[in-house]
Amino acid sequence: MLADSSKLGRRLFAQVAALGRADYLVTDAAPPPDLAAALDVAGVQVLTPDAPRPAR
């Protein structure tokens, strides 16, 4: 999934999919701690410009 950081932590009127359906979140800044923890539990790797890249 791709989202700029202004979208993180906001409640919206509809859910497109559960967090666990994504493998990666690509964004411009790290998510807030509570969302980062939920993404980690769901197995979603967060990719930001300053984050280490996943091993191949």
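Leaving aside its neighbours within four places in sequence, which residues is Ala-29 in contact with? They are Ser-5, Leu-8 and Thr-48, where contact means heavy atoms within 4.5 Å. This is a predicted model: local features need pLDDT of at least 70, side-chain atom pairs count only at pLDDT 80 or more, and totals for chains, interfaces and linings use all residues. Residues are numbered from 1 along each chain as its sequence is written, and side-chain values use heavy atoms, with hydrogens and water left out.

Start with the chain. It holds 1 helix and 2 strands. Read along the sequence, the pattern is β-α-β. Helices (H or I, at least four residues) and strands (E, at least two) are DSSP runs, numbered from the N terminus. Ala-29 sits in the loop that joins strand 1 (24-26) to helix 1 (33-41). Its relative accessibility is 27%, so Ala-29 counts as partly exposed. The classes are buried (under 20% relative accessible area), exposed (over 50%) and partly exposed in between, with a 1.4 Å probe and protein chains only. Asp-50 lies 21 residues from Ala-29 in sequence, and their C-alpha atoms are 8.2 Å apart.

Now the chain as a whole. It has 56 residues, and 21% of them are buried. Its accessible surface comes to about 4,500 Å², and carbon and sulfur atoms own 56% of that. Accessible areas come from the Shrake-Rupley method with a 1.4 Å probe; for residues, only the protein chains shown count as cover. Among contacts with a separation of 6 or more, 24% join residues 24 or more positions apart.

Next, charge pairing. Side chains of opposite charge can pair when their charged atoms come close. A salt bridge needs a side-chain nitrogen of Lys or Arg within 4 Å of a carboxyl oxygen of Asp or Glu. The count here is 1 salt bridge. Asp-4 and Lys-7 form it, with their closest N and O atoms 3.5 Å apart. Asp-4 is partly exposed at 37% relative accessible area. Lys-7 is also partly exposed, at 48%.

Last, the largest pocket. The lining divides into 15 nonpolar, 2 polar and 4 charged residues.

Note on methods
Ala, Val, Leu, Ile, Met, Phe, Trp, Tyr, Cys and Pro count as nonpolar, Asp, Glu, Lys and Arg as charged, and the others, Gly among them, as polar.
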